[in-house]
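Please find below a note for a colleague who is new to this structure.

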Amino acid sequence: MYSLLLLFLLPATLGLAVSKAGKLSAADERIIGGFTSTIGEYPYVVSLNLTLPEGSGLCGGTLITDRVIVTAAHCVIDPDIGTLLSPSKVRVGLGSQKQRQQHFVPALEIHVHPTFQPPVSTYDIALIVIEPIKPSASVHIAAIYAGHIPPMTRLTAVGWGMTSANGGLGSVPNSLQETELVVGSQADCSEFVPGYESSDGPQICTENKLLLGKDTCQGDSGTGVFITVDGHKYLAGLTSYGANLLGDPTCALNDGFGVYTRVSYFRSFIDSVAIVGNKRTAQDGALNELDGVEADEDNDGWNNEEDD
């Protein structure tokens with residue numbers, strides 16, 4: 001069993017409420033053992049401010065077209081009654097890696113993967129549609145990595161979640177944080193994730209013991225996990241949940257695991273929302289101009305590089 005913590009931003013205070021064991025709940029996962037990202041390094045990362053029955057919640061997401069943001073499904077599901085949040089309850093912050101300097105736009109549509117059935121964590125992916133935006137120096141579009149990710153690969157997780165396992169208002173950063181994670185072995189990860197075979201399936205599994213003191217937790221759910229190939233950053237996963245084999249959800253435990261939704265596994269779902277009339281939005285041409293032709297050689301928003 002595993003458990004996730006729900007981050008509430010209540011009026012004048014910050015409160016933490018523990019979800020029922022084994023259930024996904026919105027606004028989970030934080031960066032621990034990391035550092036402040038360089039300004040402009042992640043212009044495709046957005047914050048999600050959520051209006052929940054218990055108060056306000058925090059998640060993250062990644063801009064993958066000029067109008068579509070990918071995030072975790074449990075971010076947009078009411079954790080108590082299991083229903084989809086109304087788009088009016090979600091505001092998207094973009095344009096800055098500092099939350100207080102972001103400008104916010106409303107969500108127009110929310111699409112949760114049709115197979116996602118909380119409390120089961122598989123298929124923990126959702127798409128949020130906003131009005132089309134024009135790429136700029138502060139707002140870019142991420143390419144999705146579709147290549148193989150073997151064990152021991154280093155990934156970079158980002159987020160605005162709490163930076164201390166003890167919680168508290170002082171541990172919620174204004175600036176985007178990042179930390180490294182290491183992909184775990186099939187043997188170890190299959191003990192934590194039943195049926196886990198590799199990171200090429202629906203989930204990526206990382207092991208804290210491979211890089212001690214670094215993890216994601218409250219406030220980082222849905223935010224991207226990135227892989228760097230030939231100097232380019234690509235979106236690989238989305239922060240989903242974590243715990244140890246005993247079900248202790250405390251982040252950064254030496255024997256803990258982290259589970260991240262593998263974005264490229266859900267290409268057909270993404271394309272069903274991102275492609276209209278079999279024509280991708282105009283962002284594709286801008287992608288190569290922003291990130292280089294090597295990042296997306298077939299001009300479709302995906303990096304298909306395979307390891308030799």
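1. In the classes used here, Ala, Val, Leu, Ile, Met, Phe, Trp, Tyr, Cys and Pro are nonpolar, Asp, Glu, Lys and Arg are charged, and the others, Gly among them, are polar. By these classes, the lining of the second largest cavity has three nonpolar, two polar and three charged residues.

2. The model is predicted: local features need pLDDT of at least 70, side-chain atom pairs count only at pLDDT 80 or more, and totals for chains, interfaces and linings use all residues. Residues are numbered from 1 along each chain as its sequence is written, and side-chain values use heavy atoms, without hydrogens and water.

3. The mean pLDDT (the predictor's confidence in each residue, from 0 to 100) is 79 for the protein, with 76% of residues at 70 or more. Residues 1-6 have pLDDT below 50, and residues 8-30 stay under 50. Where pLDDT is low, the predicted coordinates should not be read in detail.

4. Two cavities of 30 Å³ or more are present. A cavity is a set of points, on a 1 Å grid over the protein atoms alone, where a 1.4 Å probe fits but cannot get out; lining residues have an atom within 4 Å of a point. Points are joined across faces, edges and corners, and the volume is the space filled by probe spheres set on them.

5. The largest cavity has a volume of about 50 Å³. Of its 11 lining residues, Asp215, Thr216, Gly242, Ala243 and Phe257 are the closest to its centre. Its lining has five nonpolar, four polar and two charged residues.

6. The second largest cavity, of about 40 Å³, is lined by residues including Glu180, Thr206 and Lys214.

Notes. Contact means heavy atoms within 4.5 Å. On a 1 Å grid over the protein atoms alone, a cavity is a set of points where a 1.4 Å probe fits but cannot get out, and a pocket is an open set with protein on both sides within 12 Å along at least five of seven lines; lining residues have an atom within 4 Å of a point.
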